[in-house]
Amino acid sequence: MHQFEIVALGGEMSASPFVFTNSAMWMMIALAVILVFMWGGLKRAVVPGRWQAAVEVLTDFVGDITRSSIGPEGRKYLPWVFTSFIFILAANWLGSMPFAVFGLKPFTVTSHFTITGVMSLISFAIVLGVGFWKHGLHFLSLFVPKGAPLPLQVFMAPIEFISFMVRPFSLGLRPFVAMFAGHILLKVFGYFVVQGLMAESAAGGIVALLCFLFIVFMSGLELLVGAIQAYVFALLTAIYINDAVHLH
Amino acid sequence: MPQLDQLALVYQSQWFWLAITLGTIFFVVGMWIVPRVEKTVEDRDAKIAADLEEAQRMQDEAEASEEAWRNRVNEARAEAQAVTAAAKEKAQADLEKKLAKVDAEIATRTEAAEADLAEARSAALAELENVASEATQEIVGKLTGGKVAKAEARKAVAGVLADA
């Protein structure tokens, strides 16, 4: 649990916006990594180098999410979808890097729901804003299933409404839980490795080795999960925005 | 769970720095870099499409000029063949004309020679008749002492000669 603790860097922790914490530092590192990486896409060469091609592939990938989910007008929402995707991706991956080898204690920004929750609320606010701005109160027809008989509609509208209201929670909790659980699992098995070695017996050594192999495997999976969570967040944001743009 | 335990203590700092981070990413990356990258990709796609079109056009052009060249070569060949054929025909015609002329000349000469020959022959025959009839008169006169008229002798000679 220690790895999720937020501490102030160079000072006392206090309830103030301007305290520079380890969390803030890793956000800045993620920001710097993203800016440097994306800067490679500004070369705008006709024949792209590897770096530029990587940026173009990523941009195209996220662009495809908005295009396939929302359609041509999804272009307008690409900045936010791209921002959420690349920030979650960078934070997830930075949190899984073995920086501790060099004495730098990694911190996974996205393992805090104060972060993912706010991001999901931003997505939800965009959905509500677009929906009411585009359709006015007609946006509420989103909760009425089309083509169903009237009694069924009366019955289903509240369910649709609840499922709609649950969206920001599920959207924000998903990446947070994935990172939280993954890191705890790694920590637990890392603890097993230490315990196995401390036992100084053959069985303990075997357990330690098995747990170490499991950690290697889990670390790979963690990278995959980190990318998938970023993709899922961006995709769901795009799908929810599509609901608001096109209703049903 | 530190996320819950520290919530009251950290949320302001978390949100403040998150706002800075997301805001920077949104405006610098999302609004500024991403459209440029997309534009680059679009421009490249457009350029590739244009280049391919240009290449297609040039290939069509090359094919058309090759076609034209082939047509010209074929035309020239046909013309050459026509000229050759005409020359051959003309030569043939000339030859035939000359042959005909020569043939005709030979024919006239032969005819003339034959006519001469026939004249000479008939002259010779006439002479022979004269000589023979005179000889006959003389022989008859000498042998019989009678006189044979010239016309009679000639008649007899003509009858013998006709038999011969």
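## Exercises on pockets, cores and chain shape

The largest pocket of this predicted model has a volume of about 490 Å³. Residues are numbered from 1 along each chain as its sequence is written, and chains are lettered from A in the order in which they are written. Because the model is predicted, local features need pLDDT of at least 70 and side-chain atom pairs count only at pLDDT 80 or more, while totals for chains, interfaces and linings use all residues, and side-chain values use heavy atoms, with hydrogens and water left out.

**Exercise 1. Describe the lining of the largest pocket.**

Step 1. On a 1 Å grid over the protein atoms alone, a pocket is an open set of points where a 1.4 Å probe fits, with protein on both sides within 12 Å along at least five of seven lines, and lining residues have an atom within 4 Å of a point; a volume is the space filled by probe spheres set on the points, which are joined across faces, edges and corners.

Step 2. Of the 19 lining residues, A:Q3, A:G95, A:P106, A:H183 and A:L186 are the closest to the centre of the pocket.

Step 3. Helices are DSSP runs (H or I, at least four residues) and strands likewise (E, at least two), numbered from the N terminus; α3, α5 and α6 of chain A each give two or more residues to this lining, and α6(A) gives the most, with five residues.

Step 4. By residue class, the lining divides into nine nonpolar, seven polar and three charged, where Ala, Val, Leu, Ile, Met, Phe, Trp, Tyr, Cys and Pro count as nonpolar, Asp, Glu, Lys and Arg as charged, and the others, Gly among them, as polar.

**Exercise 2. Locate the largest nonpolar core and the surroundings of A:M38.**

Step 1. A nonpolar core is a set of buried Ala, Val, Leu, Ile, Met, Phe, Trp, Tyr and Cys residues joined through side-chain atoms within 4.5 Å, with buried meaning under 20% relative accessible area, exposed over 50% and partly exposed in between (1.4 Å probe, protein chains only).

Step 2. The largest core has 60 residues, and A:M38, A:F82 and B:V29 are among those with the most contacts inside it; its largest share, twelve residues, comes from α3(A).

Step 3. Leaving aside neighbours within four places in sequence, A:M38 is in contact (heavy atoms within 4.5 Å) with A:V55, A:T59, A:F82, A:I86, B:V29, B:I33 and B:V34.

**Exercise 3. Is chain B compact or spread out?**

Step 1. Chain B has three helices and zero strands.

Step 2. Its radius of gyration, taken over C-alpha atoms, is compared with the globule rule, 2.2 Å times the number of residues to the power 0.38; the value for chain B is 63 Å, well over the 15 Å that the rule gives for 164 residues, so chain B is more spread out than a compact globule.

Step 3. The C-alpha trace of chain B spans about 195 × 30 × 15 Å along its principal axes, and buried residues make up 14% of the 164 residues.
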